[in-house]
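Colleague: I have not worked with this protein before. Could you take me through the model?

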Amino acid sequence: MTGTGPQGPGRYGERVFRPEAGGEGDRIDLGSLTYDATTMSRLRRLGVGPGWTCLDLGAGTGTVARGLLEEAGVAEVVAVDRDVRFLAAHPVPGLTPLQADITADGFSPELFPDLSPALSPGRFRLVHARFLLMHLPDRPRLVARFAELLAPGGVLVISDAVDLTTDSASPTPYTAAMRAMWRGLRDSIGTDVSQVVHHPELLEAAGLESVAAEIHVPPLLPGSAISRFWADTWDRARADMLATGLLDEDGLDEALRLLESPGYAGLSPGMLTAWGWKPGAPGAPGAPGAP
């Protein structure tokens, strides 16, 4: 999941969170351990199941793609990422890894002649992207492009982080670290979670119908996957966080200690999931109004 930042000079996976860095796959999997059950539950409730052809964008280590095949029983998943080493390391029947940069102007079937059927517009019953758009510029254009890949009656599902360490939150080293992380990532690679609340509007602007959204906030518990994910993320983004001037080394170390404190009741960033349906094929399984 990579993209050129609108403000920063770097890209996800290059300046920070490089896939070749030791333990990066494990860091991604900590996020998967936190959010996969919520993601799969939502996809199943939307009707995703046997016979569906799915596109997973910014697929990372492939846990959602494999879950679609192994748990939901879909027919096929095309899993796209700018670096597919983690996908290639865990192949399963029905999974097609595709190395591509979705922000490129040429992200189209013509660019990948061997896989042109896999990227044909109107082919997919499900297009899914999790923790991807928040790192990318020009989101309205990308959402419109994703919607074009949907078959009539298909559903586009996008999930991204929403920041809960707002100005009204109690000031602690943890909230300072979160704010420094978001500022540092915005400045260095263009990550911007401030517009995630507008994702439902982007789906409607792309012509999708029956748009809805929900938020899941995992609890911060000592030793939990989400607490370990943030500790690892802060470690990898430490230089960019400190460069903001919003906290120093001692403050960051104290924030890390709070993550492991049973007496701390901070809020983790939430995951906002929004979805919308492409018009057409009334009564198709999983489409709005279908049984």
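Modeller: Let us begin with a threonine. The model is a predicted one, and in it threonine 103 counts as buried, at 16% relative accessibility.

Colleague: Which side chain does threonine 103 join in a polar contact?

Modeller: Threonine 103 is found in the loop between strand 3 and strand 4. A polar contact of 2.6 Å runs from its side chain to that of aspartate 101.

Colleague: How many helices and strands are there in the protein, and what percentage of the residues is buried?

Modeller: The protein has 9 helices and 7 strands. Of its 291 residues, the buried ones make up 55%.

Colleague: Which element gives the largest share of the largest nonpolar core?

Modeller: The largest nonpolar core has 60 residues, and those with the most contacts inside it include Val127, Phe146 and Trp234. The largest share of this core is 8 residues, and it comes from helix 5. Helix 5 covers residues 173-189.

Colleague: Where does valine 127 make its contacts, leaving aside neighbours within four places in sequence?

Modeller: Val127 is one of the residues with the most contacts inside the largest core. Leaving aside neighbours within four places in sequence, valine 127 is in contact with Leu55, Leu57, Phe146, Leu149, Leu150, Val155, Leu156 and Val157.

Colleague: Which elements do the buried residues of helix 4 pack against?

Modeller: In helix 4, residues 139-148, the buried residues are Arg139, Leu142, Val143, Arg145, Phe146 and Ala147. They pack against strand 1, strand 4, strand 5 and helix 6.

Colleague: What is the phi of aspartate 138?

Modeller: Aspartate 138 sits in the loop between strand 4 and helix 4. Most residues other than glycine have a negative phi. For aspartate 138 the value is positive, near 55 degrees.

Colleague: Where does serine 210 lie?

Modeller: Serine 210 has a phi near 50 degrees, a positive value in a residue other than glycine. At 44% relative accessibility, serine 210 counts as partly exposed. Serine 210 lies in strand 6, residues 209-216.

Colleague: How many salt bridges does the structure hold, and which residues are linked in a network of them?

Modeller: The structure holds 14 salt bridges. One of them pairs aspartate 232 with arginine 236, with the closest N and O atoms 2.8 Å apart. Both residues lie in helix 7, 4 residues apart, about one turn of the helix. The network links Glu24, Arg27, Asp232 and Arg236.

Colleague: Which parts does the salt bridge between aspartate 253 and arginine 238 tie together?

Modeller: The closest N and O atoms of aspartate 253 and arginine 238 are 3.6 Å apart. Aspartate 253 lies in helix 9 and arginine 238 in helix 8, so the pair ties together parts that are 15 residues apart in sequence.

Colleague: Is threonine 244 buried or exposed, and which backbone oxygen does its side chain reach?

Modeller: Threonine 244 is in the loop between helix 8 and helix 9. With a relative accessible area of 18%, under the 20% limit, threonine 244 is buried. A polar atom of its side chain lies 3.2 Å from the backbone nitrogen of leucine 246. The side chain also reaches, at 2.7 Å, the backbone oxygen of methionine 241.

Colleague: Which side chain makes a polar contact with that of arginine 123?

Modeller: Arginine 123 lies in the loop between strand 3 and strand 4, and counts as partly exposed at 28% relative accessibility. Its C-alpha atom is 6.1 Å from that of leucine 149, 26 residues apart along the chain. The polar contact, at 2.7 Å, is with the side chain of glutamate 76.

Colleague: Which residues form a nonpolar patch on the surface, and what is their accessible area together?

Modeller: One member, leucine 267, lies in the loop between helix 9 and strand 7, and is partly exposed at 49% relative accessible area. The patch is formed by Ile215, Val217 and Leu267, and together their accessible area is about 260 Å².

Terms used
Residues are numbered from 1 along each chain as its sequence is written. This is a predicted model: local features need pLDDT of at least 70, side-chain atom pairs count only at pLDDT 80 or more; totals for chains, interfaces and linings use all residues. Side-chain values use heavy atoms; hydrogens and water are left out. Helices (H or I, at least four residues) and strands (E, at least two) are DSSP runs, numbered from the N terminus. Buried means under 20% relative accessible area, exposed over 50%, partly exposed in between (1.4 Å probe, protein chains only). A polar contact is a pair of N or O atoms within 3.5 Å; within protein, one must be able to donate a hydrogen and the other to accept it, and residues adjacent in sequence count only if both atoms are side-chain atoms. Patches are made of residues with over 30% relative accessible area and no salt bridge: like charges are joined within 9 Å, nonpolar side chains (Val, Leu, Ile, Met, Phe, Trp, Tyr) within 5 Å. Accessible areas come from the Shrake-Rupley method with a 1.4 Å probe; for residues, only the protein chains shown count as cover. A salt bridge is a side-chain nitrogen of Lys or Arg within 4 Å of a carboxyl oxygen of Asp or Glu. A nonpolar core is a set of buried Ala, Val, Leu, Ile, Met, Phe, Trp, Tyr and Cys residues joined through side-chain atoms within 4.5 Å. Contact means heavy atoms within 4.5 Å.
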